[in-house]
Amino acid sequence: MNNKIILSAKDVEIAFNLRGRTLKAIRKCSLDLYQGETLAIVGESGSGKSVFTKSFLGMLDANGKITGGTIEYHGTDISKYKTEKQWMTIRGKKISMVMQDPMTSLNPLMTVGKQLQEAITRNQGLHGRAAKAEAIAMLEKVGIPDAKNRYHQYPHEFSGGMRQRVVIAIAVACHPEILICDEPTTALDVTIQAQILKLIRDLQQEYNMTVIYITHDLGVVANVADRVAVMYAGQIVEYGMVEEIFYDAWHPYTWALMSSLPQYGIKGEDLPSIEGTPPNLFYQIQGDAFAPRNQRPLEIDFVEEPPYFEISPTHQAKTWYLDPRAPKIQQPEIFRKLKEEYLEEMHHG
């Protein structure tokens with residue numbers, strides 16, 4: 001992994017105004033993004049994954065705004081951008097996003113080829129025939145058969161997997177530096193899912209892009225990520241290299257996510273789901289946001305918010321469990337098993 005930081009978010013706060021009430025969706029989130037890496041951001045829906053990353057390209061809903069912190073991109077604090085004109089210098093050109101549902105990102109009344117061609121004209125400055133040729137080449141590149149003819153078809157004439165390929169083609173047409181993929185495979189079946197992930201990985205290598213995956217599917221994470229950030233209640237509660245998160249996680253929320261993975265379930269036992277619901281972000285949160293759902297909370301969890309503790313130079317977790325004064329708490333059994341399997345593999349590998 002390259003050590004060059006290309007985007008650095010520090011203490012970002014994002015609030016939404018809903019009928020006169022303020023919802024704090026993102027609460028002091030910090031994140032460094034390294035050139036060429038694949039970062040996965042995981043967490044339940046509502047944890048703030050999409051909101052946080054949408055703030056990198058000025059795509060927050062009209063009632064949402066960045067109320068604190070900075071987002072440095074190539075030496076400019078883009079969190080201070082106010083106008084659409086400012087955002088257009090980045091959105092699509094430098095930072096691009098692939099949405100969860102391709103039907104919402106494609107215009108149903110316009111042919112797929114024309115939509116792709118528009119993106120190429122806007123971002124690469126090609127026109128007419130040159131832009132059309134580039135659009136057809138792009139369709140071929142993302143694996144759409146018979147691209148010359150399909151150029152003239154409408155979104156509804158494509159299958160879900162093919163539509164997702166078109167959306168990826170549009171996002172990558174401008175050769176962005178950062179590609180954000182928001183649950184890019186949720187609606188697709190498993191075989192198509194694997195193909196789409198492979199396509200994104202191939203394009204990433206070809207264009208030397210940095211990729212952020214937003215997902216709640218840890219299986220996807222294991223296959224694609226270099227690094228993982230775990231989000232809960234508008235904060236990043238743990239981050240580390242993918243193997244650190246999978247084999248040596250320390251935040252109780254990460255434990256709960258890992259334990260509810262079907263492939264790690266014990267035969268004949270019920271899948272542990274995470275009890276309770278995430279906190280209401282209209283209210284001030286006291287202590288550790290996850291405490292009310294934690295099976296083994298400490299008293300201090302209800303009183304004071306934990307700081308980040310360093311587990312390794314690349315791995316930090318925001319939990320009082322790691323405080324030297326805390327009682328010794330063992331990681332769940334699942335990590336012991338995973339670690340043994342991992343070491344076994346390394347040994348034979």
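The model is predicted, with local features requiring pLDDT of at least 70 and side-chain atom pairs counting only at pLDDT 80 or more, while totals for chains, interfaces and linings use all residues. Residues are numbered from 1 along each chain as its sequence is written, and side-chain values use heavy atoms, with hydrogens and water left out.

**Helix H8**

Select residues 190-207, which form helix H8. Helices (H or I, at least four residues) and strands (E, at least two) are DSSP runs, numbered from the N terminus. The 18 residues of H8 should span 26 Å at 1.5 Å a residue, and the end C-alpha atoms are 26 Å apart, which agrees; the expected span is 1.5 Å times one less than the number of residues.

Next, colour Gln193, Ile196, Leu197, Leu199, Ile200, Leu203, Gln204 and Tyr207, the buried residues of H8. Buried means under 20% relative accessible area, exposed over 50%, and partly exposed in between (1.4 Å probe, protein chains only). Viewed down the axis of H8, these buried residues fall within an arc of 155°, so they line one face of the helix; the arc is that of the directions from the helix axis to the C-beta atoms. An α-helix has 3.6 residues a turn, so residues three or four places apart point the same way. On the face of H8 turned away from the buried side are the exposed residues Val190, Thr191 and Gln205.

Now display what covers the buried residues of H8: strand S3 (38-42), helix H5 (128-141) and helix H7 (160-172) are among the elements involved. Contact here means heavy atoms within 4.5 Å. Just after H8, Asn208 takes a positive phi of about 55°.

Select Gln164 in helix H7, which counts as buried at 1% relative accessibility. Leaving aside residues up to four places away in sequence, Gln164 touches Val98, Met99, Gln100, Pro102, Pro184, Leu188 and Ile196. Between Gln164 and Val98 there are 66 residues in sequence and 8.4 Å in space, C-alpha to C-alpha.

Move to Glu183, in the loop between S7 and H8. Glu183 is buried, with a relative accessible area of 8%, and has a positive phi near 45°.

**The largest pocket**

Show the largest pocket, with a volume of about 480 Å³. On a 1 Å grid over the protein atoms alone, a pocket is an open set of points with protein on both sides within 12 Å along at least five of seven lines, a cavity is a set where a 1.4 Å probe fits but cannot get out, and lining residues have an atom within 4 Å of a point. Grid points are joined across faces, edges and corners, and a volume is the space filled by probe spheres set on the points.

Of the 19 lining residues, Met97, Ser105, Arg122, Ile170 and Ala171 lie nearest the pocket centre. Helix H4 gives the most to this lining, with five residues.

Two cavities of 30 Å³ or more are counted. The largest holds about 50 Å³, and its lining includes Arg27, Tyr232 and Lys318.

The second largest cavity has a volume of about 30 Å³; among its lining residues are Glu44, Tyr232 and Ala233. Finish at Ala233, in the loop between strand S9 (227-232) and strand S10 (235-241). Ala233 is buried, with a relative accessible area of 4%, and its phi is near 50°, a positive value in a residue other than glycine.
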